[in-house]
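Please look through the sequence and the model below before reading on. The notes that follow begin with a single residue and then move on to wider features.

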Amino acid sequence: QRAPMHKRLSMEAQLTSLAIVNLLLGLNAGSLSTQTSSLHKFHFGFNATLAHVHIPKTAGSSFNAWAARKFERVCGHKGYSFDQPIEFPHRNRGKRDKISFSLMKDRQFIDCDMVSLESGWNAWNQVKDRSQTALVGLIPCREPFDQLLSMCNHEKIFPSVNKQKGAAGCGAVLECPREEWMSRFDNKLLPPTGLFAQAFCYDYSDLNRTAKNLENLLTLRKRQLSIPFYRTNRDRPKEKEAELEFCRDWVNKEARRTEPYFKYCSDCPDFNTAVEAETWKEGVRAARELVTPPIAKAPTEESVNLLVIWAVLGPLLGGMLAVLLYTAASRTKQKDTAGRPGRDESTSLGTEFDTELEALVASDRE
């Protein structure tokens, strides 16, 4: 049974108003989406998220926590910007607060300007899917010999070596890293065919320079908090390690030959040099076809003003139209009571109006 005509006309006016409101909300959301990432200031042509690959013994825990306390929208295993305590608690090794990757996935990555992971390299697949942005890799590098000895110390191992050169005398230094540690990097992350639209390295010993350059990309917090330091290792036995000095050159060469991470670090584009010279923008733009299409341009001020005016006048005009049609329908009903127009004509009028209303509803759903 059809609803009375005046109710159907009122429904038409409501649908018209709703369609206009939805259109305005959609355009506003599109405008806001261009501001989601502060990295838009570099005009990549698409949204970008910095992807900090936390390689062990490169101060990654401190780097993540520091960034979360200095910048907005940092998301990492060792801290998020939005839930940092005012006073950073003292950390000892073995007592680190690590946010699980399952919780990070639940939180999604859509509003993150930088993500820091200490997981296997393939976890970046899920970050890319959930962030809906291009990933720009930020990979810390350190001299292999020094980094490997730090890993040995973390594992409470002192490499057993002898004065022979080569694998026979120094091979034990290469055996300290856990397999999981080195699986955090893989060549499948690297452009042009990997997960990252572009990738840069930075010198582990040059963190101050890296921090300064990050200020050109990320948004500073309204209130910056104290700088933390994660102590994740015991003091290294410097005197004993001095006895291994004869292994340095061989270990560095062998590590860069056999381990993809060290090989990458031996010849990688430097983050700080690129940012300071602003040359990296071209590299990221070159990867444009490998990522999601560019975000839509924000509507112009003139178009928004016109839509606002229409949003105000639309319901008013729709209401006036509804009143006029209701009045016409009432007169038609009075004529029907008097026997004019005929039954067939009245039925035809109702059927024609229903067809138009159904078309309006269908177009609104689309």
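In this predicted model, N64 counts as buried because its relative accessibility is 1%, where buried means under 20% relative accessible area, exposed means over 50%, and partly exposed lies in between, judged with a 1.4 Å probe and protein chains only. N64 sits in helix α2, which covers residues 60-70; helices (H or I, at least four residues) and strands (E, at least two) are DSSP runs, numbered from the N terminus. Because the model is predicted, local features need pLDDT of at least 70 and side-chain atom pairs count only at pLDDT 80 or more, whereas totals for chains, interfaces and linings use all residues. Residues are numbered from 1 along each chain as its sequence is written, and side-chain values use heavy atoms, with hydrogens and water left out.

**Around N64**
- Leaving aside residues up to four places away in sequence, N64 touches V74, G76, H77, K78, G79 and S116, a contact being heavy atoms within 4.5 Å.
- The side chain of N64 also reaches the backbone nitrogen of H77, at 3.4 Å.

**The chain as a whole**
- The protein chain holds 15 helices and 6 strands, and buried residues make up 42% of its 366 residues.
- Among contacts between residues at least 6 apart in sequence, 78% join residues at least 24 apart.
- The accessible surface of the chain comes to about 20500 Å², of which 53% belongs to carbon and sulfur atoms; such areas come from the Shrake-Rupley method with a 1.4 Å probe, and for residues only the protein chains shown count as cover.

**Nonpolar cores**
- The largest nonpolar core has 43 residues, and those with the most contacts inside it are V115, W124, F196, Y261 and Y264; a nonpolar core is a set of buried Ala, Val, Leu, Ile, Met, Phe, Trp, Tyr and Cys residues joined through side-chain atoms within 4.5 Å.
- If residues up to four places away in sequence are not counted, W124 touches A51, H52, V53, V115, L117, L135, L189, L195 and F196.

**Helix α5**
- Helix α5, residues 144-154, is mostly covered, since 9 of its 11 residues are buried, among them F145, L148, L149 and M151.
- The buried residues of α5 pack against α7 (179-182), α9 (238-242), α10 (248-258) and α11 (260-265).

- V312, in helix α14 (residues 301-337), counts as exposed because its relative accessibility is 58%.

**Backbone details**
- Most residues other than glycine have a negative phi, and most peptide bonds are trans.
- K57, in the loop between β1 (48-53) and α2, has a positive phi near 65°, and K57 is buried at 12% relative accessibility.
- Q132, in the loop between α4 (123-131) and β5 (134-141), has a positive phi near 55° and is exposed, with a relative accessible area of 54%.
- The peptide bond from P191 to P192 is cis, with omega near 10°, and P192 lies in the loop between α7 and β6 (196-203).

Notes:
Polar contact = N/O pair within 3.5 Å; in protein donor to acceptor, adjacent residues only side chain to side chain.
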